[in-house]
Amino acid sequence: MGTVKIEKANIEDALILTRLKKNVFDTEKEKWLGSQDGIVDHNIQPPGYDSIEMTKYMIRELNYFKILYEGVLVGGLILTVVGKRHGRVDRIFVDPLYQGKGIGTMVMKCMETEYPEVMTWELETSRRQLSNHRFYENMGYKKIYEANNEFCYEKKMKEGAFVGGESREITIHGDILNDGDLSGLQVEYSNMKETDFYGINGSYSTYSNSNLMGAGFNNCNLSESRFQNINLQKALIADLNMSQSELAHVTLGGVHVHDTNLGEKNEHIRFERCDLHGSKFDNCNLNHVEISNCDVTRMKINGISVEDLMEAYESIQGKRKD
């Protein structure tokens with residue numbers, strides 16, 4: 001078997017990694033879904049898998065490795081490593097021309113060597129990709145749950161590989177923990193439903209692979225926080241200062257944005273590469289708004305077709321030149 005290495009990807013690798021990823025996932029779609037129309041499986045074709053901008057985002061914000069086989073770039077490995085002990089395999093893909101050579105197995109071993117402190121690895125895969133199930137199970141992963149379209153696998157590494165923290169006594173009076181020092185504490189697989197956190201310092205804490213459905217955050221400092229791979233369906237996001245924040249690769253179908261302003265400094269919003277098809281802007285201040293290089297088919301302003309307005313404008317400009 002040839003030499004397999006993983007190296008941190010950089011922005012210059014984005015184009016070739018995007019092409020590789022598109023080829024791999026399109027091939028997987030053909031293999032597992034064939035010509036079936038109308039079926040969407042986000043584990044077989046993840047959102048943005050063919051977008052170079054998504055690739056750039058992942059290189060910047062996640063742990064993105066390129067896979068080298070005998071020095072040739074043949075695939076990628078995308079990880080989210082948060083906290084001190086937990087890691088998630090977001091994507092792993094190998095060029096179909098190089099599959100069957102044991103590259104995937106070596107990549108997973110390289111990953112574990114790269115992050116010896118990680119005690120739990122987890123990943124999700126389509127229930128349709130039976131070969132993936134066998135592969136992950138052979139690598140020591142165990143299925144921990146299954147949904148309609150996906151299986152979730154987890155691998156527990158050998159205890160003792162991680163050294164850190166120190167034992168301490170924690171005193172709880174009734175149902176209240178007060179003035180306790182929990183900094184650096186590892187909380188795993190615990191039921192904390194309806195727990196009330198008040199006046200705590202939780203800066204730079206991490207929450208991963210957890211159910212926070214219905215959680216409330218009120219009067220909290222969440223500056224510099226990171227929300228990635230989060231389900232925010234039916235969430236209420238209100239009375240927030242999001243100045244200079246960034247929304248990238250976010251699905252906004254059905255979102256209602258209202259009573260919103262640009263803050264004291266009047267810092268402008270930019271929309272780039274956004275699909276706003278069928279959206280409505282009502283009773284908004286669009287003073288000095290600029291629209292360029294956009295598809296304005298059937299777009300209307302106060303009921304007037306923008307296409308008709310542009311045509312009329314070009315006609316007037318043509319007459320002026322004559």
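Predicted model: local features only at pLDDT ≥ 70, side-chain atom pairs only at ≥ 80, totals over all residues.

Residues are numbered from 1 along each chain as its sequence is written, and side-chain values use heavy atoms, with hydrogens and water left out.

**The whole chain**

Helices (H or I, at least four residues) and strands (E, at least two) are DSSP runs, numbered from the N terminus. Their order along the sequence is β-α-α-β-β-β-α-β-α-β-β-β-β-α. Along the principal axes, the C-alpha atoms fill a box of roughly 80 × 60 × 35 Å.

Of the 322 residues, 25% are buried. Buried means under 20% relative accessible area, exposed over 50%, and partly exposed in between (1.4 Å probe, protein chains only). Where residues at least 6 apart in sequence are in contact, 64% of those contacts join residues at least 24 apart; contact means heavy atoms within 4.5 Å.

Select Thr18, in helix α1 (residues 14-32). Is Thr18 buried or exposed? Thr18 has a relative accessible area of 7%, so this residue counts as buried. Show what surrounds Thr18: leaving aside neighbours within four places in sequence, its contacts are Tyr49, Asp50, Ser51, Ile52 and Thr55.

Next select Asp41, in the loop between α1 and α2 (52-61). Asp41 is buried because its relative accessibility is 5%. Beyond neighbours within four places in sequence, Asp41 is in contact with Leu33, Ser126, Arg128 and Asn149. Draw a distance from Asp41 to Lys29: the two lie 12 residues apart along the chain, and their C-alpha atoms are separated by 8.7 Å.

**Salt bridges**

Side chains of opposite charge can pair when their charged atoms come close. A salt bridge here is a side-chain nitrogen of Lys or Arg within 4 Å of a carboxyl oxygen of Asp or Glu. The count by this rule is 13.

Start with Lys5 and Glu7, which form a salt bridge at 3.4 Å, N to O. Lys5 is partly exposed, at 43% relative accessible area, and Glu7 is partly exposed too, at 30%.

Move to Glu122 and Arg88, a salt bridge with its closest N and O atoms 3.3 Å apart. Glu122 is in strand β5 (residues 120-126) and Arg88 in strand β4 (residues 86-94), so the pair ties together parts 34 residues apart in sequence. Both Glu122 and Arg88 are buried.

Then select Lys155 and Glu112, whose salt bridge has its closest N and O atoms 2.8 Å apart. Lys155 belongs to strand β7 (residues 150-156) and Glu112 to helix α3 (residues 103-114), so this pair ties together parts 43 residues apart in sequence. Lys155 is buried at 14% relative accessible area, and Glu112 is buried at 16%.

Finally, select Arg88, Asp90, Glu122 and Glu124 together: salt bridges that share partners join them into one network.

**Last stop**

Select Asp308, in helix α5 (residues 306-321). Asp308 counts as partly exposed because its relative accessibility is 48%.
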